[in-house]
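Open the model in your viewer and keep the selection tool at hand. The tour moves stop by stop, from one selection to the next.

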Amino acid sequence: MPTIMNRRQASALLAAAPLAMTIAARAASPRRLLLRGANHLLTMTGAPRQKTDLLISDGRIEAIGPNLPVSEADVIDLSGHILLPGFVGTHWHMWNTAAPGLWRSAKGGFMPTMAAIAPHFTPADVAIGVDLALAEAVSSGITTVHNWAHNLRSPAHAEAEIAAMVRSGVRGRFAYGYAQDVGKDQPMDLEHLSAIARQPPSALVSIGICARGPDRSDAEVWQAEWDAARRLGLPISTHMASDPKAAAGGGIAALAARDGLGSDVQLVHLTSASRADMDRVATAGSPVSISPWTELEVGYGVPPIPDMITAGLLMGLSVDNMVLAGQANMFSVMRLSTDLARGVSRNQLLMEDNMALRWATTDGSRSLGLGKQVGALVRGMRADIIAIRLDALNTAPAADLPSLLTHAARPDNVSLVLIDGVVHKRDGRLVRIDLPAIQAQATASIKRIRSPSGI
Ligand SMILES: [Zn+2]
């Protein structure tokens, strides 16, 4: 089992042994933490800073500058490192993380294989998928996630995924979805959605919805889901124009015509969207999430990144799922994004490396409505911070920081990860979870699911 307890367990323990718990909490999350002597610090809102300290107080960035005075703070020496904001993953189906590589079977490709295994997931199975996904997120420097839960087979499945997110201490949005095999004429469980939407699960985890939208559900269904989300004040996400057939259905125009776009409605993929549709999306202010690796892997096609840039869309990056992608590697996603943009446009200068960094940090956080909290290293913002080692074979010498981060660095170069000021990875090791236990549970889970699925 993960060593991190949920809020109910924490409250029970606190009531039973308040002194021990207080000491343990202080040890895990000191009130003040000084990150000392980083070689470079990328604020993502201004010029990089050199040889600087960063002071965190109560999970918030209190000061940035050289030689900050230390008093009553734990100190982490970060000489030989780059500091930057933690990455923001803007779309991720976590429930099937225990099935990496199982995208093809005797049933066919990705969709029929997922359809075969989906009915056999219990609440415990989807939760272990979330545990494993969040471990991989933290390990690779992703500090905010958007868990696109589209195999909710019962209220207990939703509650299990939310509990896993809360106990992880990772920042994110739980997007309430539907069961994989629900009919196009059936809405998601709006009654249960309304019950859990009454209050955020924690200070770090919020609620939204992930809907099938015009491309994958009947008009009266998606409209009912949009109406419910907006009545509850919840953000919406939907896959749109993923392939030519979906794009030909005119779903984006239908959304635009019925006030279904806006800053609260994230559109995922747009791989086959026309330039006219992208202009509609840009005008309405809907953020977009792309997952370039899985868009290639599932056969959607080459993401039209040059058109997305020239249309002025608010962009976020994503890993989508581990079944196809095999790894939650935001460095690799940034690299593929820039290189596809250059190759498709035949213009080496169309997309700077720094643009991919913005998509993975500031723009990603804005696209999830978190732009005032995370995505930049600025005084007053929450301390979601990662440190990259500069002494690895692939990270030295550090001649150009954006290029180093988008084309050379890898998850194993992530030395330190803080979320809300709490240390999740230190000296390259995950310090808040029992990873072998999670892996053992995930292995048992997918073994049990494969047998009745016939894959
Ligand atoms: Zn998706």
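Predicted model: local features only at pLDDT ≥ 70, side-chain atom pairs only at ≥ 80, totals over all residues.

**Stop 1**

The side chains of R342 and D339 form a salt bridge, with an N to O distance of 3.6 Å. Both residues belong to helix α15, residues 330-345. They sit 3 residues apart, about one turn of the helix.

**Stop 2: a salt-bridge network**

Now select R171, R382, D384 and D420. Salt bridges with shared partners link R171, R382, D384 and D420 into one network. Zoom in on one pair, R171 and D420. Their side chains meet in a salt bridge at 2.9 Å, N to O. R171 is in strand β8 (residues 171-176), while D420 is in the loop between β15 (414-419) and β16 (422-426), so this pair ties together parts 249 residues apart in sequence. Are R171 and D420 buried or exposed? Both are buried.

**Stop 3**

How many salt bridges does the model have in total? The count comes to 17. For another of them, select D125 and R448. Here the N to O distance is 2.2 Å. Colour the two ends by accessibility. D125 has 6% relative accessibility and counts as buried. R448, at 40%, counts as partly exposed.

Of its 17 residues, 13 are buried, so α4 is largely enclosed by the rest of the structure. Next, check its length. At 1.5 Å a residue, the 17 residues of α4 should span 24 Å. The end C-alpha atoms of α4 are 24 Å apart, which agrees. Step just past the helix to G141. Its phi is positive, about 90 degrees.

**Stop 4: the zinc ion**

Which residues coordinate the zinc ion? The donors are H91, H93 and H239, each through NE2, at 2.0 to 2.1 Å. Along the chain, the donors follow the spacing H-x1-H-x145-H. H91 and H93 are both buried.

**Stop 5: A211**

Keep H239 on display and select A211, which has H239 among its contacts. A211 is in strand β9, residues 205-211. With 1% relative accessibility, A211 counts as buried. Which residues does A211 touch, leaving aside those up to four places away in sequence? The contacts are W148, Y178, M188, E225, W226, S237, T238 and H239. For a sense of scale, draw a distance from A211 to L357. Their C-alpha atoms are separated by 28 Å, and the two residues are 146 residues apart along the chain.

**Stop 6**

Finish with residues 49-57 and 60-65, which are strands β2 and β3. The two run antiparallel and are joined by 5 bridges. Find D53, and opposite it you will see G65 in β3. Then follow the chain through the turn. β2 and β3 make a hairpin with 2 residues between them. In that turn, D58 has a positive phi of about 50 degrees. While the strands are on screen, look at where the side chains point. In a regular strand, side chains alternate between the two faces of the sheet.

Notes: Residues numbered from 1 in each chain as written. Heavy atoms only, no water. Donors = N, O, S within 2.8 Å, 3.2 Å for Na, K, Ca; no water. Buried < 20%, exposed > 50% of the residue type's maximum accessible area, 1.4 Å probe, protein only. Salt bridge = Lys/Arg side-chain N within 4 Å of Asp/Glu carboxyl O. Helix = DSSP H or I, 4+ residues; strand = E, 2+ residues; numbered from the N terminus. Expected span 1.5 Å × (residues − 1). Contact = heavy atoms within 4.5 Å. Pairing = 2+ DSSP bridges.
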